[in-house]
Amino acid sequence: MLGPQSSLVMYDEEYQRILLLLERLLRESNSKVIFLVDKNGQLIAATGETANLDTTSLASLTAGNIAATGGLAKLIGEKEFSILFHEGEKDNIHISIIGGRVILVVIFDQRSSLGLVRLRVKKASNELAIVFEDLVNKTEQEAISSSVPSPFAEITDDDIDNLFN
Amino acid sequence: MSFINYASREINCKIVYYGPGLCGKTTNLQFIYNKTAEESKGKMISLATETERTLFFDFLPLALGEIRGFKTRFHLYTVPGQVFYDASRKLILKGVDGVVFVADSQEERFDANIESLENLKDNLDEQGFDLEKIPFVIQYNKRDLPNVSSVEELSELLNPRKVPELEGCAMSGEGVFETLKAVAKLVLNDLKKDG
Ligand SMILES: Nc1nc2c(ncn2[C@@H]2O[C@H](COP(=O)(O)OP(=O)(O)OP(=O)(O)O)[C@@H](O)[C@H]2O)c(=O)[nH]1
Ligand SMILES: [Mg+2]
């Protein structure tokens, strides 16, 4: 598992694997939207009816939600609540933690059910966890071999100044 | 803890505004939000009490432009400054890439600044971060008020390490972008080191 301070790095290959898994989960669970968020609130991937959805805000609030309930869990001597469920009038949100580090969010309505979502999420979680393990290994290897030079190795002050113009 | 995404060619960094209650953290973000072009910003989220004190955090996502073909996104957060919200402050610090300490320059807030800075050190420590090592800048805010301590005095007390320090008036926006730029610079330069 990734330590709290190592950067999360996403490569094309793993990103495609993740997307495929999310798309399959979307179909098999009959849900509306699925997204993956880093525990620090950064959106990793999203699929489904995302067009009218502010996914950046959703990602940040989801992470805040997980962080807050994680704090609650600690206070009562639990490790973490690994599944959260919010029931709305039309839409429901199912939130679960994968591999201790990544948050999977499934939004669904009456076309699906909590039971179905639970079942499909469980299966997908295991597969997603494997991809993230691969990702960690790959990141570590790249760091050691550094065959691929970091695109940021040559950032200049000018590059940074330009960002603010 | 930045997030480098080679698939979408994006880099995400998290910056946290810290400081005592009412020092002007939320005001900093509001000014940035108001002055940033529509296409470069997302929604600003404020989880606040009815009296507009930050309850959990403010969040403002910025997309600043490209560096070496990578879109750079900064996620700005503020913590709640009131002492009793310490548990929330710890949560917000998770995965931080850079910290802005907003000091309240008013004389009567002198002790509150020290206490908050100590609290920042402790909370970073708990997360395995060292304030001496992470990208860190200080803003002396509310310079427009009459009852302020001198910058020398504040600096001596709050900034022994001599990290970048700036004077500010978050209400009128003075020093606000300069502060953001200073911390962004340190964060991006840090990436260079890791890379
Ligand atoms: N005079 C003056 N007032 C300021 C300045 N910056 C902020 N304020 C005022 O100070 C008050 C508190 O500002 P906030 O930005 O809400 O403070 P905060 O640090 O977010 O406070 P918490 O959320 O409780 O931690 C508001 O009334 C602001 O208008 C400044 O530079 N000068
Ligand atoms: Mg505030």
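Chain B of this predicted model has a secondary structure of five helices and eight strands. Read from the N terminus, its elements follow the order β-β-α-β-β-β-α-β-α-β-α-β-α. The radius of gyration of chain B is 16 Å, close to the 16 Å that the globule rule gives for 195 residues, so chain B is as compact as a globular protein of that length. Along the principal axes, its C-alpha atoms fill a box of roughly 50 × 35 × 30 Å.

Two further values describe the interior of chain B. Of its 195 residues, 57% count as buried. Among contacts between residues at least 6 apart in sequence, 68% join residues at least 24 apart.

I turn now to two loop residues of chain B. Most residues other than glycine have a negative phi. Leu22(B), however, has a positive phi, near 70°. This residue sits in the loop between strand E2 (10-18) and helix H1 (25-35) of chain B. Is Leu22(B) buried or exposed? Leu22(B) is exposed, at a relative accessible area of 56%. Arg68(B) also has a positive phi, near 50°, and belongs to the loop between strand E4 (54-67) and strand E5 (70-78) of chain B. With a relative accessible area of 39%, Arg68(B) is partly exposed.

Let us move to chain A and its helices. Two packed helices are described by the angle between their axes and the distance between the axes. For helix H1 (residues 12-29) and helix H3 (residues 114-145) of chain A, the angle is about 180° and the axes are 10 Å apart. Angles over 145 degrees count as roughly antiparallel, and H1(A) and H3(A) are therefore roughly antiparallel to each other. By class, their contact has 13 nonpolar, one polar and 10 charged residues.

How far apart are the end C-alpha atoms of H3(A)? They are 45 Å apart, which agrees with the 46 Å that its 32 residues should span at 1.5 Å a residue.

The buried residues of H3(A) include Val117(A), Val121(A), Ala124(A), Leu128(A), Phe132(A) and Leu135(A). An α-helix has 3.6 residues a turn, so residues three or four places apart point the same way. What covers the buried residues of H3(A) includes H1, strand E1 (8-10), strand E2 (33-38) and strand E5 (92-98) of chain A.

Finally, I consider Ser113(A), in the loop between E6 and H3 of chain A. Ser113(A) is partly exposed, with a relative accessible area of 36%.

Definitions and conventions:
Residues numbered from 1 in each chain as written. Chains lettered and ligands numbered in written order. Predicted model: local features only at pLDDT ≥ 70, side-chain atom pairs only at ≥ 80, totals over all residues. Heavy atoms only, no water. Axes fitted to C-alpha atoms, helices over the stretch in contact; angles between N-to-C directions. Helix = DSSP H or I, 4+ residues; strand = E, 2+ residues; numbered from the N terminus. Parallel < 35°, antiparallel > 145°, perpendicular 65-115°, else oblique. Nonpolar A, V, L, I, M, F, W, Y, C, P; charged D, E, K, R; others polar. Expected span 1.5 Å × (residues − 1). Buried < 20%, exposed > 50% of the residue type's maximum accessible area, 1.4 Å probe, protein only. Contact = heavy atoms within 4.5 Å. Rg over C-alpha atoms; globule rule 2.2 N^0.38 Å.
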